[in-house]
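Biologist: Hello! I am new to reading protein models, and I would like to go through one with you. Could you show it to me first?

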Amino acid sequence: MDMTEYYCLRVDGSRVHLEAEENAPLADAVRKWGGKGTSLRVGASVFEQQYIAGHEDTLLCRVFRKADGTGGLLVVFDATGLLLVAEAASNLALVAGAGHFARMATYIRYGADIFEHGDDED
């Protein structure tokens, strides 16, 4: 059973908004891709991975830029697999969303480190 969530990412001023979205072509493409490789084809569009934020043991966000236009995809995983895909129609939305998830991944990793090493005397 595929439990991946799909969102449209929008920016309003300095706020990032994720709106739930049904996107069958994107869902099919992501299932076929399966997290392997650094490019993802959705219909006629190709998305190329630009960078990765986070850690595979906690939260990992792979950022893909649309090769032939503006915008891209944010693909978020946790230790159990794919969690969500957010599609950004603009470069601003892509960068703002990437910053949002990178910050979230950093906070989660920091919290996990504190929990894992809470008894250390450093």
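Predicted model: local features only at pLDDT ≥ 70, side-chain atom pairs only at ≥ 80, totals over all residues.

Biologist: Where does Thr70 lie?

Modeller: To place a residue, look at which element holds it or which elements flank it. Thr70 lies in the loop between S5 and S6. Gly69 has its place in that loop too, between strand S5 (59-66) and strand S6 (72-78).

Biologist: How many helices and strands does the protein have, then?

Modeller: The protein has two helices and seven strands. You can also read them in order along the sequence, which gives the pattern β-β-α-β-β-β-β-β-α.

Biologist: Is Thr70 buried, partly exposed or exposed?

Modeller: Here we use relative accessible area, with two cut-offs: under 20% is buried, over 50% is exposed, and what falls in between is partly exposed. Thr70 has 46%, so it is partly exposed. Gly69 is also partly exposed, at 31%.

Biologist: Why does Arg41 count as exposed?

Modeller: Use the cut-off again: exposed means over 50%. Arg41 has a relative accessible area of 53%, so it is exposed. You will find Arg41 in strand S3, residues 39-42. Leaving aside neighbours within four places in sequence, Arg41 is in contact with Ala29 and Val46.

Biologist: And why does Thr4 count as buried?

Modeller: Thr4 has 13% relative accessibility, and because buried means under 20%, Thr4 counts as buried. Thr4 is found in the segment before strand S1 (5-12). Apart from neighbours within four places in sequence, its contacts are Leu82, Leu83, Leu84 and Val85.

Biologist: What share of the residues of the protein count as buried?

Modeller: Of the 122 residues, 34% count as buried. For the surface as a whole, the accessible area comes to about 7,500 Å², and 52% of it belongs to carbon and sulfur atoms.

Biologist: How do I compare distance along the chain with distance in space?

Modeller: Pick two residues, note how many positions separate them, and then look at the distance between their C-alpha atoms. Ala96 and Ala79 are 17 residues apart along the chain, and their C-alpha atoms are separated by 24 Å. Gly69 and Val46 are 23 residues apart in sequence and 9.5 Å apart in space. Thr70 and Val95 are 25 residues apart in sequence and 11 Å apart in space. For Arg41 and Ala89, the values are 48 residues in sequence and 16 Å in space.

Biologist: How much of the contact in the protein joins residues 24 or more positions apart?

Modeller: Among contacts with a separation of 6 or more, residues 24 or more positions apart account for 37%.

Biologist: How many disulfides does the structure hold?

Modeller: To find a disulfide, look for cysteine sulfur atoms within 2.5 Å of each other. The structure holds zero disulfides. Cys8 is in none, and its nearest cysteine sulfur, that of Cys61, is 15 Å away. Cys61 is likewise in no disulfide. As for accessibility, Cys8 counts as buried at 9%, and Cys61 counts as buried at 1%.

Biologist: What about charges: how many positive and negative side chains are there?

Modeller: The protein has 11 positive and 19 negative side chains. The centres of the two sets lie 11 Å apart.

Biologist: Last topic: what is the radius of gyration of the protein?

Modeller: The idea is to compare the value with what a compact globule of that length would have. For 122 residues, such a globule would have a radius of gyration near 14 Å, and the protein has 15 Å, which agrees. Along its principal axes, the C-alpha trace spans about 55 × 35 × 25 Å.

Methods: Residues numbered from 1 in each chain as written. Heavy atoms only, no water. Helix = DSSP H or I, 4+ residues; strand = E, 2+ residues; numbered from the N terminus. Rg over C-alpha atoms; globule rule 2.2 N^0.38 Å. Buried < 20%, exposed > 50% of the residue type's maximum accessible area, 1.4 Å probe, protein only. Contact = heavy atoms within 4.5 Å. Areas by Shrake-Rupley, 256 points an atom, 1.4 Å probe, with all protein chains shown as cover. Lys, Arg positive; Asp, Glu negative; His and termini not counted. Charge placed at Lys NZ, Arg CZ, Asp CG, Glu CD.
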